[in-house]
Amino acid sequence: MTLEERRSWTYLAVAVVVYGGYLFSVLGRAASAPLVDVDYVPAMLWSIGIAIVAGIVINIVIGMFTPRRDQKTDVRDRDIGYLGDRVGQSFLVIGALAALLLAMIEADYFYIANVLYLGFVLSAVLGAITKVIVYRRGF
């Protein structure tokens, strides 16, 4: 397993776990209040910050314990990264369009922010899944 494939697995795991924690936090608060009245902003900011820091720290640790021969990247790694990024960006655009439509119909900020956040998470998850699949099966 190359370093880039390990990074894809890390990116996937961090995105899923942190977003799951965010959903647990917000939906747990929604049990006592309507969903749109939940104070989601601190939980969202914390989850984004935790995802960034966790991704950096885990990748540093993985890099420290990865043999030198597995740290070299080649054209295949670049092409796989490009493909995964394109797939991920498509879901980011879908999330942005959904948020734009919600803004046009004057939906609550809660829904707009959460659709954008979901777009970011889907972008990360599906981009990482694409990379892992291509690393495992090839182009």
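Reply: We start with a helix pair and then turn to aromatic rings. Keep in mind that this is a predicted model.

Me: How do I describe two packed helices?

Reply: Give the angle between their axes and the distance between the axes. Here, helix α3 (residues 75–104) packs against helix α4 (residues 109–137) at about 160°. Their axes are 8 Å apart. Angles over 145 degrees count as roughly antiparallel, so α3 is roughly antiparallel to α4.

Me: Which hand does the crossing of α3 and α4 have?

Reply: Right-handed. As for the residues in this contact, 19 are nonpolar, 9 polar and 4 charged.

Me: How is a pair of aromatic rings described?

Reply: By the distance of the centres and the angle of the planes. The structure has 5 aromatic pairs. In one of them, Y22 and Y117, the ring centres lie 5.1 Å apart and the planes stand at 80°, so the pair is edge-to-face.

Me: Where do Y22 and Y117 sit in the chain?

Reply: Y22 is in helix α1 (residues 3–29) and Y117 in helix α4. The pair links distant parts of the chain, 95 residues apart. Y22 and Y117 are both buried. With Y19, they form one aromatic cluster.

Me: What is the geometry of the pair F110 and Y111?

Reply: Edge-to-face, with 5.3 Å centre to centre and 85° between the planes.

Me: Is F110 buried or exposed?

Reply: Buried, because its relative accessibility is 5%.

Notes: Residues are numbered from 1 along each chain as its sequence is written. This is a predicted model: local features need pLDDT of at least 70, side-chain atom pairs count only at pLDDT 80 or more; totals for chains, interfaces and linings use all residues. Side-chain values use heavy atoms; hydrogens and water are left out. Axes are lines fitted to C-alpha atoms, for helices over the stretch in contact, and angles run from 0 to 180 degrees between N-to-C directions. Helices (H or I, at least four residues) and strands (E, at least two) are DSSP runs, numbered from the N terminus. Angles under 35 degrees count as roughly parallel, over 145 as roughly antiparallel, 65 to 115 as roughly perpendicular and the rest as oblique. A crossing is left-handed if the near helix is turned anticlockwise from the far one by less than a right angle, and right-handed if clockwise. Ala, Val, Leu, Ile, Met, Phe, Trp, Tyr, Cys and Pro count as nonpolar, Asp, Glu, Lys and Arg as charged, and the others, Gly among them, as polar. Rings of Phe, Tyr and Trp (its six-membered ring) pair if their centres lie within 6.5 Å; planes under 30 degrees apart count as stacked, over 60 as edge-to-face and the rest as tilted. Buried means under 20% relative accessible area, exposed over 50%, partly exposed in between (1.4 Å probe, protein chains only).
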